[in-house]
Amino acid sequence: MKKALLSMMLLALMTAAGTSSVFAQTPHPPTREASPIETEVRRANTEEVDAFLHNDPRAMDRLWSEDFVVTNPLNKFVTKQQVLGMVHAGVLVITSYDRQIEYLRVYGDTVIAAGNETVVWGGKMPNAGKTEHLRFTGIWMKQRGHWQEVARHANIVPQ
């Protein structure tokens, strides 16, 4: 009982001082070596960016699951075939693309990646020539022996 009371008092003092836990003082978890899965999914993310920069729908097709869906920055919900159609038609073109993964978490055969992107649109995009900043979340799954993206959400960050 005395230990519980002492712990509660210590917690109250720490909260009053603005440090309710060790994590409040450390905004990021301790650095650790990336797992092989994290490394593979990060590589797949890099390949996806490269596929857009090189206008390579074959690479996109390989990286995306057959049932891949996206809520895209134009607020449209589209399928893999629709995205590939926009790439083939010259509508979806990205001339500059920087992706920063801020969060990557492995859940067995599923990985969640989230972060920010800076893109310059090209082609027949409504914002062609403009630089825009995005927030994204991508969901990757191990399918048929390799990692494929199954779902993605990206939105434009208002200025």
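Are arginine 99 and glutamate 48 buried or exposed?

Modeller: Both arginine 99 and glutamate 48 are buried. Buried means under 20% relative accessible area, exposed means over 50%, and partly exposed lies in between, with a 1.4 Å probe and protein chains only. The model is predicted: local features need pLDDT of at least 70, side-chain atom pairs count only at pLDDT 80 or more, and totals for chains, interfaces and linings use all residues. Residues are numbered from 1 along each chain as its sequence is written, and side-chain values use heavy atoms, with hydrogens and water left out.

The pair itself is a salt bridge, and its closest N and O atoms are 2.8 Å apart. A salt bridge here is a side-chain nitrogen of Lys or Arg within 4 Å of a carboxyl oxygen of Asp or Glu. Arginine 99 lies in strand β3 and glutamate 48 in helix α3, so the bridge ties together parts that are 51 residues apart in sequence. Helices (H or I, at least four residues) and strands (E, at least two) are DSSP runs, numbered from the N terminus.

Next, the other bridges. The whole structure holds eight salt bridges. One of them joins glutamate 40 and lysine 142, with the closest N and O atoms 4.0 Å apart. Glutamate 40 is in helix α3 and lysine 142 in strand β5, so this pair ties together parts that are 102 residues apart in sequence. Glutamate 40 is partly exposed, at a relative accessible area of 28%. Lysine 142 counts as partly exposed too, at 32% relative accessibility.

Lysine 80 and aspartate 61 also meet in a salt bridge, 2.8 Å from N to O. Lysine 80 belongs to helix α5 and aspartate 61 to helix α4, so parts 19 residues apart in sequence are tied together. Lysine 80 counts as buried at 0% relative accessibility. Aspartate 61, at 33%, counts as partly exposed. Back to your pair: salt bridges that share partners join Glu48, Arg99, Glu117 and Arg152 into one network.

Glu117 leads on to glutamate 132. That residue is found in strand β5. Its contacts are Glu117, Thr118, Val119, Trp121, Asn127 and Ile156, not counting residues up to four places away in sequence. Contact means heavy atoms within 4.5 Å. Glutamate 132 is buried yet has no salt bridge; the nearest side chain of opposite charge, lysine 130, is 6.0 Å away. Charge is assigned simply: Lys and Arg count as positive, Asp and Glu as negative, and His and the chain ends are not counted. A polar contact of 2.6 Å does join the side chains of glutamate 132 and tryptophan 121. Such a contact is a pair of N or O atoms within 3.5 Å; within protein, one must be able to donate a hydrogen and the other to accept it, and residues adjacent in sequence count only if both atoms are side-chain atoms.

Tryptophan 121 takes us to the core. The largest nonpolar core has 27 residues, and Phe52, Met60, Trp64, Leu92 and Trp121 touch the most other members. A nonpolar core is a set of buried Ala, Val, Leu, Ile, Met, Phe, Trp, Tyr and Cys residues joined through side-chain atoms within 4.5 Å. At least two residues each come from α3, α4, β1, α5, β3 (93-107), β4 (110-122) and β5 (131-143). The largest share, five residues, comes from α3. Leucine 92 touches Phe52, Val83, Met86, Val87, Trp121 and Met125, leaving out residues up to four places away in sequence.

Helix α3, which carries glutamate 48, also holds alanine 44. Alanine 44 counts as buried at 6% relative accessibility. Beyond its neighbours within four places in sequence, alanine 44 is in contact with Leu63 and Trp140.

Finally, helix α5 (residues 80-88). Its buried residues are Lys80, Val83, Leu84 and Val87. They cover an arc of only 95° around the axis, which puts them on the same side of α5. The arc is that of the directions from the helix axis to the C-beta atoms. Their cover includes α3 (36-53), α4 (57-63), β1 (64-71) and β2 (77-79). Just after α5, glycine 90 takes a positive phi of about 80°.
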